[in-house]
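Have a look at the sequence and the picture first, and then read on.

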Amino acid sequence: MSTETAKATGLAADTPPPNARPDAPESPPSRALRSASLLAGNRGTGLGLGVSMVFLSVIVFIPLAAVVWRSGSEGPDTFWRAVHSPDAWATLKLTVGASVIVALINLVMGTLIAWVLVRDSFPGRSVVDVLIDLPFALPTIVAGLVLLSLYGPTSPLGVDIAYSRIAVVVALLFVTLPFVVRTVQPVLLELDRDMEQAAASLGAGPLVTFRRIILPNILPAMLSGTALAFSRAIAEFGATVLISGNLPFQTQVASVYIFGQIETDNPTGAAAVATVLLAVALLVVVILDLIQRWGARHG
Amino acid sequence: MAKYALRLFAGIYLLFLLALPVGLVFWRTFGSGIGPVIGSLSSPEAVHALKVTILVALWAVAINTVFGVGMAILLVRRQFPGKRLLNAVIDLPLAVSPVVVGLALILVYGRYAPVGGWLEGHGIQIIFSMPGMIMATVFVSLPLVVRAVEPVLVEMGDEQEQAAHTLGASGSQTFRRITIPGIRAALAYGVVLCLARALGEYGAIAVVSGRLVGQTQTLTLFVDERFQNFQEQDAFAAATALALIAIITLLLIKLLHPKDRA
């Protein structure tokens, strides 16, 4: 679904508003008509904008601002101590470390899967194509349960990784699987095969063709998919709850730590770690925007 | 040769990460026949959890549909200062951890927060009851309808709406006769995405609901509670039901959005 989002955002940013589109000079009546209807629409715009802002404020802005405010309400020292307490610091390190590993694996495997789905044909390809989105549609707690039943104490394969850091990585890999696949796939589909044929006819081997022709074209998509996967991994809660065992200093990810702080009635400690997560999420949103612009310039 | 190696590698990765785990849960659920599954799902707690889940999801979808369409129209058809900023923050909920969403709502609408305390004084309880759960669900599924409708509105252009306007149609007539039919498919797609997300929400709901069995427990919380209490049959049955909903959603999405796939 975030692929959709990424695409939609790209679309909205790249396409000029419909009013500005016509290249030919407009005839005077049509221009007058347009400005008349724009004027008529202005009242609606003000009202709609007002209602939307109230709605967003009540649901999103004020609550998120409350988290940031609460984290700093007892001064920067309290904030720093809450974030730097041994267990909070351990959970942040684990979350960021595991998310980096997960993002890198996704960068490679996601591209590879997208490649196989676009360039290869085999029976059942369309089924695999639909199944890729399953981690988005599956409730996260079910995802955790599903992984625990295969890789937990009762594993029929005899592989028991439950309550280990590997389990955290596997759970995050499961929920982030679609991101890179779904951002790279459409770009690969639209890629012009002529360039590759030209490269091949000039004597380039498959590896050279991939590195010099294909990779530069799909790199922006690969990177934005990886950034999305990273931000999802940082924030994940449900999938890791059952399989990680939530052992402090070992397998407890940041979201689970925050949950524990809320349950033990320490909202300030929860807010401090939550603010760090929000800052990372904001950073990723900015990086994504930069990647999309860079991609648009080089596309 | 390289082709088969790649195919094999991708296949093994997907098999062990996706297909085997999901398949195993289905197999374990139905391992002793369909009888126990029906038994698990028709217990009073499960039925109540299902009702709560559906009620919360329907409210959240209705709210997000109205505001999603409204905001998509604002973003595509209107000009106003701060439009780029609004466009950027709409995606924010996707990047925020569900637990942080729950915490954020508690800090404003909880019993000991100023707003929540005032509302409770007037007999309105938000946290640990339905309104809070609906708000949390609205938060996590906020961008889905907007982002589904937006590109179609851009593609449609506003010529037809302008024409209807010059022919004397009022704003609501234009909206009903021109805009809605134009975005119908995309809207359905967004609603399905939003519904799936709402039915499956766990983290934010876990924080704001208080997880009161038989009161604010949803189906995902039911899965968690039963699993922690070693009633695995119940947990697997509910998880399979949720997984089936997810698979139906995927098929609907595929049906509604064919051009998304090759």
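The axes are lines fitted to C-alpha atoms, for helices over the stretch in contact, and angles run from 0 to 180 degrees between N-to-C directions. Keep that in mind for the helix pair below.

This is a predicted model, in which local features need pLDDT of at least 70 and side-chain atom pairs count only at pLDDT 80 or more, while totals for chains, interfaces and linings use all residues. Residues are numbered from 1 along each chain as its sequence is written, and chains are lettered from A and ligands numbered from 1 in the order in which they are written.

**A pair of helices in chain B**

Helices (H or I, at least four residues) and strands (E, at least two) are DSSP runs, numbered from the N terminus. Helix 6 (residues 98-109) of chain B packs against helix 8 (residues 130-140) of chain B at about 135 degrees, and their axes are 10 Å apart. Helix 6 and helix 8 of chain B are therefore oblique to each other. Which residues of the two helices meet? B:Pro98, B:Val101, B:Gly102, B:Leu105 and B:Tyr109 in helix 6 of chain B meet B:Gly132, B:Met135, B:Ala136, B:Phe139 and B:Val140 in helix 8 of chain B. Here, contact means that C-beta atoms, placed from the backbone, lie within 7 Å.

**Chain A on its own**

Chain A has 13 helices and 0 strands. Of its 299 residues, 44% count as buried (20 or more other C-beta atoms within 10 Å of the residue's own, with C-beta atoms placed from the backbone). Among contacts in chain A with a separation of 6 or more, 78% join residues 24 or more positions apart.

Chain A is divided into domain 1 (27-72) and domain 2 (75-298), with bounds from an automatic or database domain assignment. Their centres, taken over C-alpha atoms, are separated by 33 Å.

**Where parts touch**

Two contacts can be set out together.

| Contact | Residues from each side |
|---|---|
| Chain A with chain B | 75 residues from chain A, 78 residues from chain B |
| Domain 1 with domain 2 of chain A | 6 residues from domain 1, 9 residues from domain 2 |

On the side of chain A that touches chain B, helix 2 (residues 28-72) of chain A gives the largest share, 17 residues.

Note on methods
Parallel < 35°, antiparallel > 145°, perpendicular 65-115°, else oblique. Buried ≥ 20, exposed ≤ 12 C-beta atoms within 10 Å, placed from the backbone.
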